Amino acid sequence: MIWKLCAGLIAGLYVSTFSEAAAPDFIHATYLVGSRIENRDEIERTRFSQFNFIYLMASPDWTTEDFNRTDADLPQQLAAQHRFPEGDQGLSLVPALIDRAHRQGVKVLASIVATDTPLIASDATKRRLFAQAMAAFVAKYGFDGLEVDWERSLHLDNYMALMQELRSALNALPPTRTYYLTTALHTSPHFPAGQLPERQFNAAQAAQLCQAVDWINIMTYDMSGGVWGKTASHNTPLNRIQQVVPQRWAAFPPEKLCIGLASYGFKYTGIKPDQPQTNRLSESGRYCTYTELAPLLAQGWTERFEPGAEAPYYFSPDQADFITIDNPRSLTAKVQWVLSRHYRGVFWWEFHCDYLPADGQTNPQHPLVDAVEPLLPPIQYATP
């Protein structure tokens, strides 16, 4: 009991004294996959100021083997040798996007997808070199920090050690700006067998993570069968989010947690909701973006809103196919819940999933983001 009390005090002290004070009270952020940038017009017309943070997936290509070397200059070499491709689309426009977002007051974090990262995290030397390389990459392109998108099993000791190395590496950069470190974790993190029987963070572990990261993004989507399971259901059911998040994340103060909003879902062919299938859902389902929905509605697809889940299904005219995806009504309920629980903010996966080009209008449209924006606290931008 004493160690839990001490951990709670440490966490409370951290929240009030860490450099995070430079960040706005409410976070409205989006992931943006750099390779999906359509053209320069997208960058010049987009109102990035709808957000105060962008997690830009444009990190350098690397493999575990790169960090088998122990040269002291390896991190600087990896950053110095990196070049975004030339051209007028995709990753070639990353520097222009960073510049445009900064001119609108928006902070841009380099998002690292944890593929080989768990292997690097298991070795102290690799962790240190990796953290220094990522910090050098951040400094080279003028990012405002790092976001670690952790999609794998959570070996807690290794993960914590990597987060601490990344924090130290960012802190060692010249103090020309505030450098943020955030991380994204599954709603119900999967811990290796025997590591955490209760399958959730305890107070001491939460306090340790809070010392390294500014906030945590909880991926409150992919909560059903997707294309990997065998039973198709709601992708983002609010009733399940309301149950799982307060339970699994009880050790964290709400101001350290951001809740995920999805502008994508899944489209299934020839099956019904909640009916177990013999084969994996990849045989009958696929990812579906919100931009695909309007043409289907014009073809006669209809909505069925389910009050229990606070989420809709959309069915084809013959009822043979269906889509699970959020709409303005379901997102309104989610945002109201986030605000009532005093969580730190919300974030979107992903910027392009509800993106509609300008087509003669001043700005591109985001039907879901645009619907949610008036519900949120006025956008505050981080201080330099």
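Which helices and strand each supply at least two residues of the lining of the second largest pocket? Helix H3 (74-80), strand S3 (107-113) and H6 do. The model is predicted: local features need pLDDT of at least 70, side-chain atom pairs count only at pLDDT 80 or more, and totals for chains, interfaces and linings use all residues. Residues are numbered from 1 along each chain as its sequence is written, and side-chain values use heavy atoms, without hydrogens or water.

**View 1. The second largest pocket, with a volume of about 420 Å³.** A pocket is an open set of points on a 1 Å grid where a 1.4 Å probe fits, with protein on both sides within 12 Å along at least five of seven lines; lining residues have an atom within 4 Å of a point. Of its 21 lining residues, Ser 59, Pro 60, Asp 61, Trp 62 and His 82 lie nearest the centre. The lining divides into 14 nonpolar, four polar and three charged residues.

**View 2. The largest pocket, with a volume of about 550 Å³.** Its lining has 24 residues, with Tyr 221, Asp 222, Trp 228, Tyr 264 and Tyr 287 nearest the centre. Strand S9 (residues 285-289) gives the largest share, three residues.

**View 3. Packing of helix H6 (residues 124-141) and helix H7 (residues 156-171).** The axes are 8 Å apart, at an angle of about 40°. Contact (heavy atoms within 4.5 Å) involves residues including Phe 130 and Met 134 of H6 and Leu 162 and Leu 166 of H7.

Definitions and conventions. Axes fitted to C-alpha atoms, helices over the stretch in contact; angles between N-to-C directions. Helix = DSSP H or I, 4+ residues; strand = E, 2+ residues; numbered from the N terminus. Points joined across faces, edges and corners; volume = space filled by probe spheres on them. Nonpolar A, V, L, I, M, F, W, Y, C, P; charged D, E, K, R; others polar.
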